[in-house]
Structures are given as structure tokens and as C-alpha cells.
Amino acid sequence: MDEGKKKGKAVVVGGSIAGLSCAHALIAAGWEVVVIEKSSGPPTGSPTGAGLGLDPLAQELIASWLGRTHLLHDSTLPLTIDQVIVEVSMRNRDNMRKLSKLLNNWSGTALELFGELNFLTHWKKEFEELETKEEEDFEGEEEDCSLLGVSKDRVSCTSGFGISGSRLQMVQLVKLFVFKIPCEVQMFKKAFENEATDGENNINWTLTRDENFSFRAAHWVDLHSLLYSALPPHIFLWGQLYLSFCVSNDKSNVKLKTKILQTGEIIEIVGELLIAADGCLSSIRRNFLPESKLRYSGYCAWRGVLDFSDNKYLEAITGLRKVYPDLGKCLYFSLGYGTHSVLYELLNQKINWIWYINQPEPELKVSSDMIQKMHEAAEKVWVPELARIMKETAEPFINVIYDCDPLEQIFWDNVVLVGDAAHPTTPHGLRSTNMTILDAAVLGKCLEKWGVESLLSPLEEFQSIRLPVTSMQVLHSRKMGRIKQGLILSDRKPFDPKVATPEECHDLQQKNMPFFGEVP
């Protein structure tokens, strides 16, 4: 900062990684900074996240703030491989072998076969839903009977599924049999042909693999601790709840009111700039955009970190490394039927896992019954080694996955949004933390360039640089999530790993994120 320039003061609301990154960037730009955080002190656990991935630019920026390049390297593990695989659980494999044998030797009609399929319990819900349908629900589908080789007058014997079977219900059953079940059989046949070396225990095959991935894996609390420790402790006002703000008539400053939670005292803080780093539920954003709502993605995520440093889970980890041999350097995405999981290793002998599940918007409170049901479901969906890691993890938690349609602006007068307050995003592009860090760095550079005399110029430049980038990345991450969850998109059919082309598989790679390697 030039000696002749006035030194500005920024008040940052939010003491998470976004707030700490802004503190680093603005101090480097010559600004005075105050950080307001309602928590009573810096976290020792990870209340808002578990593992995260840092891209090369974020790594470079963090290293510059810390002043010692080895600190970040020593606190993270490499992610040099980005790999997407398809996994098949042992339990379903046995059913598919049975179904394949039944189909290969069946000589009767398709409708008669339904009575023999009662072992396919994972299709039970689809059959039961047919019972609730009315005749008008099938309007226009009568032709499908004859197209599928079923007489329009034929009534089925589907007692094996407890369905009485009207003629049009049978149309739907035959469709299920003709299209869906054989597709699943083909998926398993493909798995049998491409089994891992430990073929009796694991079935998977690779859709895509990028060995030029240059991310690093960090635990949220470790990264927060690094950033916090490198800042002056006096800039933090812990245990203070943001209440409101007002901008002066001449736009020269902004005044905040906060409440000291321990005493209830209301205090005022004045600065030239208010930085809203208060997350995806930002109360500051609501002041300007009261109609802006978060969008539920249609799925949530079970998450957890298994600490195996005491060798208590040595057998489980040994088994896991046989299935995922590149743990310690690979970001694994495993696709199942309408679901996917993420797996990678963290420093200090920890395994980070995420499992995305399509479902109505759930409650955030996790009960022991919910965890038990999750463990049971995992045994049916994933290979035993991954299911065991999920079961052994203490205190798994749920992330309800939201994002927000891109905003048209992210600053008003002396107030600017950064991080998740500016662009709530789904996690599928590993963007949230990386976008946050770059927001802070660009904001700091713009303020350093223009000074404090007129905030309009630096904030306009900041918005013009960041908004196009973050908007495209949020939408791309949304698209990737729907693809990996097998959900419908407006411009394509649900992704099917059984028939996906090499080009479609290549689209799953992280490097296809807009501005992945060249951020303005």
C-alpha cells in the first residue's frame, strides 16, 4: 500500500474460512480488519464440514498468506488422481446372478415370469407404486401392450408381487421387465467382465481417470487453524452476534450493531466496508435480496471422517485399500444406481467419505435410528469395505445439499458478499472453498489498487471479475450433481454408466469445470 493512501477499515461478518481469507487478503492490501463471529472461540472440531479439496491457485494464495510455503503442504495430502468408477454391492450381485440364470433359461411368457421374480426386493417399491395408479394414468399407453407382445385382453398372474393386475398395469410391468431389469442385468454382466483382482469380494470398473489432477486434500478444521494462526488474534471479536447495519448518507462508512452473547450488551462498530462472509444463509444478503431462496438439490449427503490413527480399524482400512488402491493420492467418485459416493484420505490417518442420496428435503437433526438405517442401506448399495467404513465412523452427519441461482450483483454501496453468501453451490466441483479463497484474493487486490477514497470502483471491478466465473461454476456443479445422481436434466437423459459413451464419461472429470485452469 502506498504511504499516501488512506488506510481503510473493513468489518467482516463470519469467522469461517471465508472470513479468515478476507482478513488475510485485506491486511495484505493495507487495510485494518475486524472479524465478528458468534462462536465463542476458534473451532477445535469441524462443525461445518469435513474434508475439502484445494486447487493449485488456492494452494498458492494460502501459501502466500501464511508466509511459509511448507505449512500448507505439511497439513494436507496430495490428490493427483481424479477417478470415477461404478460399484456393485455383493448382496445385489447374488441376485443378479440368479436373475441372469432365470432369464437365460426362461421359456414362458414375460408376464408369467413376474411371479418368479420375488427375490428382487430392491424393485418392490416400483411394483407397489403400480397398485396405486388409476386407469386414466395410463391414457395413451394401450398401444404399448401389443408393441411389447402382450395381448390387450390378457390379465397377468403377478401374485408373486401381490398385484391383482389390470390390463394397463400390466403394460407398465412389462415395460419395467423389458427395459429396466435387463439394463440392470447388463450392468452386472459388465461388472463381471471387468472385476477387480479380488473378484470374489469387489466388483467395479472405471469410467474415467485423470492422473494430472493437482489438488490437495485438507480437513476443514486443519485449514481453518492454519489461516487463523497466521492472523493477529486481536482482530477477532468472538462471541458476538451480528444484528444489523446501516450505511451513512454520504456512503463514507457503514455502522454495525452486534450483541455480545455472554453479557447481552449491544455495541456498534464502524468501518468503511462491510464484508458479508456469513455463509449460504447470509442474513446480510437477505437485506438486499429478500426474495432470493436457496434451491434444494433433490438429494442430501451423509458425511463422516474415520480416524484410524490408533490401529483400531486396521483390518477395515486394509480391506478398503485393496478396493481403492490409490487412496492417499486419489479422489474417488463411485457411482451406484441413482446415487454416488466420494472417498479420499486426509492427513493424520483419516478417511473422508460422502454418500449422496436422492430423497425429499430431510430434517437436519440426526438420530441413532437414522444412522442405523443408513448403515443398513449402505450394505445393500456399496461394496462391503466401504459400507464398513461408514458403519465404523463415529458421529456421521447430514449435509442437505442446496445452491442458489446465480445473483445479478454481489455488492451494494459499502457492502459486499463473498464465499457462500455470494454464490451458494453444490459440492460436486470442489468449488465452495476454492471460490471463497479466490473471492478474498481478488477483493484484496481491487481494494489495494483503488484505495479507500471511493469504494465504487474497486467493488465494481471485483464484481465484474468474479460474478461471471462463479455463476458458471455454480451451474456446472449443479449439472454434475444431477448427472451423478441419475437425475433428469433439461438437455439430456439421465446418465447411465452401462451405456455411457467415452465422451459422456469424460464429461465427469473435474477438469471440465469452467475456468478450471485459467481464472481471470
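Reader: What covers the buried residues of helix H12?
Author: In this predicted model, local features need pLDDT of at least 70 and side-chain atom pairs pLDDT 80 or more, while totals for chains, interfaces and linings use all residues. Numbering runs from 1 along each chain as its sequence is written, and side-chain values use heavy atoms, without hydrogens or water. Helices (H or I, at least four residues) and strands (E, at least two) are DSSP runs, numbered from the N terminus. Cover, by contact (heavy atoms within 4.5 Å), includes strand E13 (295–307), strand E16 (350–358) and helix H13 (384–392).

Reader: Which residues of H12 are buried, and what arc do they cover?
Author: Buried means under 20% relative accessible area, exposed over 50%, partly exposed in between (1.4 Å probe, protein chains only). Ile371, Met374, His375 and Ala378 are buried in H12. They sit on the same side of H12, because their arc, taken from directions from the helix axis to the C-beta atoms, is only 100 degrees.

Reader: Why do such residues point the same way?
Author: Residues three or four places apart point the same way. The reason is the α-helix repeat: 3.6 residues a turn.

Reader: Is isoleucine 437 buried or exposed?
Author: Isoleucine 437 lies in helix H14 (residues 432–450). Beyond four places in sequence, it touches Ser21, Leu54, Ala58, Leu61, Ile62 and Trp65. At 0% relative accessibility, isoleucine 437 is buried.

Reader: What separates the C-alpha atoms of isoleucine 437 and alanine 25?
Author: Along the chain, the two residues are 412 residues apart.
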